[in-house]
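Have a look at the sequence and the fold, then read on.

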Amino acid sequence: MADAVTTQTILDGEHLVIQKFTNISDGTGETAVNKVIVANLAPNSFGLACNGVKINKIWAQTQGMSVDILWDATTDVLCETIPENQFYLMDYSSFGGLPNNAGSGVTGDVLFTTVGAASGDRYTITIEAIKTYAGS
């Protein structure tokens, strides 16, 4: 049996994307699983492809495990850790969101890694992000 995971896109607009992610673990956990995939996001009204996101807000609930949010790159970079057994809200909107600071091989994608996942542990994480575009 594999982890029961879902992704729900709530909004994929001109400037913002909001996605909700859930996982009910079978104990194997997730390792650097692609969650926000910028190539799958809608282009802007000028036809420019989304090439990254800045994380504006994170709402999360974890039970029994923590979740590392990573910027995808040749060597992934830790963006945020959601602690285990938490109701969690981080709001970075006052300064325009967390920019991707990954270096070489940056893709713009956002990954999740679960830490300490046992069977039945779970998370629900909702991310609001500001979209960035190639050529803008």
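Of the 136 residues in the protein chain, 43% count as buried, meaning under 20% relative accessible area with a 1.4 Å probe, protein chains only. This is a predicted model, in which local features need pLDDT of at least 70, side-chain atom pairs count only at pLDDT 80 or more, and totals for chains, interfaces and linings use all residues. Residues are numbered from 1 along each chain as its sequence is written, and side-chain values use heavy atoms, leaving out hydrogens and water.

The protein chain has nine strands and zero helices; strands are DSSP runs of E of at least two residues and helices are runs of H or I of at least four, numbered from the N terminus. The radius of gyration of the protein chain is 15 Å, close to the 14 Å that the globule rule gives for 136 residues, so the chain is as compact as a globular protein of that length. That radius is taken over C-alpha atoms, and the rule is 2.2 Å times the number of residues to the power 0.38.

| Property of the protein chain | Value |
|---|---|
| Span of the C-alpha trace along its principal axes | about 45 × 30 × 25 Å |
| Accessible surface (Shrake-Rupley, 1.4 Å probe) | about 6700 Å² |

Carbon and sulfur atoms hold 55% of that accessible surface.

Strand β1 (residues 4-12) runs antiparallel to strand β2 (residues 16-26), and eight bridges join them; pairing requires at least two DSSP bridges. A hairpin of three residues links β1 to β2, and T7 stands opposite F21 in β2.

Technical notes. Buried means under 20% relative accessible area, exposed over 50%, partly exposed in between (1.4 Å probe, protein chains only).
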